[in-house]
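Subject: Handing over a structure, with notes

Dear colleague,

I am passing on to you the structure below, and I would ask you to keep it open beside this message while you read.

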Amino acid sequence: MCNNDITPKQKNQRPVDDFLARSAEKSWQMQRMIEYGRDVMPEGRRNAAMGCGKFLTFLHDKDMTTSKLEIGFFCKNRLCPGCAWRKAAHDAVMLSCMLQEAAARGYKLFFATLTAKTCKKEDLSSAIELYDKAYTAMMRTGKFKRLPGAIRKLEVTYNAEKDWYHPHIHSVWIVNQSWGRRNNPDTITVEELTDAWAHQLGGVYAVNAAAQDIRPVKSATREDIMEFAKYPAKSCE
């Protein structure tokens with residue numbers, strides 16, 4: 001049984017009211033994005049984005065205590081703050097159910113973060129492609145391929161002052177109960193993670209051992225997993 005509240009709730013506020021408030025906020029952010037990208041965004045996509053989240057139909061129970069979104073128009077543009085937010089919420093529910101089931105079957109969960117040196121705009125695409133290949137290759141070698149399961153997300157942060165980008169990977173590892181103990185031969189240390197990650201990157205980007213991280217997930221509730229699932233939905237606002 002998966003324990004999740006699909007609709008976010010706030011004290012003294014109906015879930016649908018909170019949803020509408022968040023949708024309005026994301027719609028305002030989208031309007032700003034359209035202004036910035038007016039010269040590069042095709043007219044069709046621009047028109048679809050302008051109407052994203054503006055038409056919504058909800059179903060309520062008799063007591064108006066439970067609400068469900070029945071009909072809605074969304075542009076599904078991956079750069080749309082509203083669509084990214086809704087996808088992150090959906091992913092959080094799915095991931096939370098999966099990871100709660102893994103925990104119920106006796107597995108433990110660990111967060112792992114893999115980073116490397118920042119890059120310029122013109123190198124971002126190639127850096128992301130390299131990260132994808134490097135992570136996939138790493139997970140097929142040594143101790144990594146013996147992990148019962150793993151999920152990953154890519155996050156890219158931007159420093160406007162220095163004009164550089166920082167792509168990095170956040171991953172959730174599903175491991176056995178004894179994983180993490182010194183006498184467990186399958187345990188992966190931060191040092192081993194750093195060495196394996198640097199090897200797969202092939203020296204193209206410098207890897208700092210202090211920037212890599214492995215830590216246990218305390219629980220698999222929606223709130224905990226949302227921290228992982230939200231990465232594609234982050235905005236600069």
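Let me begin with Lys 153, which lies in strand β4; strands here are DSSP runs of E with at least two residues, helices are runs of H or I with at least four residues, and both are numbered from the N terminus. At 17% relative accessibility, Lys 153 counts as buried, where buried means under 20% relative accessible area, exposed means over 50%, and partly exposed is in between, using a 1.4 Å probe and protein chains only. Lys 153 and His 168 are 15 residues apart in sequence, and their C-alpha atoms are 8.6 Å apart in space.

Before going further, please note that this is a predicted model, in which local features need pLDDT of at least 70 and side-chain atom pairs count only at pLDDT 80 or more, while totals for chains, interfaces and linings use all residues. Residues are numbered from 1 along each chain as its sequence is written, and side-chain values use heavy atoms, with hydrogens and water left out.

Strand β4 also holds Glu 155, which is buried with a relative accessible area of 6%. The side chains of Glu 155 and His 170 are joined by a polar contact of 2.9 Å, a term for a pair of N or O atoms within 3.5 Å, of which, within protein, one must be able to donate a hydrogen and the other to accept it, and for which residues adjacent in sequence count only if both atoms are side-chain atoms.

How many bridges join β4 to β5? There are 11, and the two strands run antiparallel; two strands are said to pair if DSSP finds at least two bridges between them. In this pairing, Thr 157 stands opposite His 166 of β5, and in the hairpin that the two strands form, with 4 residues between them, Asp 163 takes a positive phi near 55°. Strand β5 also pairs with β3 (residues 108-114), again in the antiparallel sense, over 7 bridges, and here Phe 111 is found opposite Val 172. Because 11 of the 12 residues of β5 are buried, this strand is largely enclosed by the rest of the structure.

Next comes helix α5, which has 12 residues and reaches 16 Å from its first C-alpha to its last, close to the 16 Å expected at 1.5 Å a residue, the expected span being 1.5 Å times one less than the number of residues. Its buried residues are Leu 193, Thr 194, Ala 196, Trp 197 and Leu 201, and what covers them includes β3, α4, β5 and β6 (213-216), with contact meaning heavy atoms within 4.5 Å. Just after α5, Gly 202 takes a positive phi of about 65°.

Which residues have the most contacts inside the largest nonpolar core? They are Met 138, Trp 173 and Trp 197, in a core of 26 residues; a nonpolar core is a set of buried Ala, Val, Leu, Ile, Met, Phe, Trp, Tyr and Cys residues joined through side-chain atoms within 4.5 Å. The elements giving two or more residues to this core are β3, α4, β5 and α5, and α4 gives the most, with 6 residues. Leaving aside residues up to four places away in sequence, Met 138 touches Leu 114, Phe 144, Leu 193, Ala 196, Trp 197 and Gln 200. Apart from this core lies another, of 8 residues, among them Leu 95, Leu 99, Leu 109 and Val 217.

Finally, there are 6 salt bridges, each being a side-chain nitrogen of Lys or Arg within 4 Å of a carboxyl oxygen of Asp or Glu. One of them joins Asp 186 and Arg 146 at 2.6 Å, N to O; Asp 186 lies in the loop between β5 (164-175) and α5 (190-201) and Arg 146 in the loop between α4 and β4 (149-159), so the pair ties together parts that are 40 residues apart in sequence. Another joins Lys 133 and Glu 129 at 3.3 Å, N to O, and these two residues, being 4 residues apart in helix α4 (residues 121-138), are separated by about one helical turn. Lys 133 is exposed at 52% relative accessible area, whereas Glu 129 is partly exposed at 45%.

With kind regards
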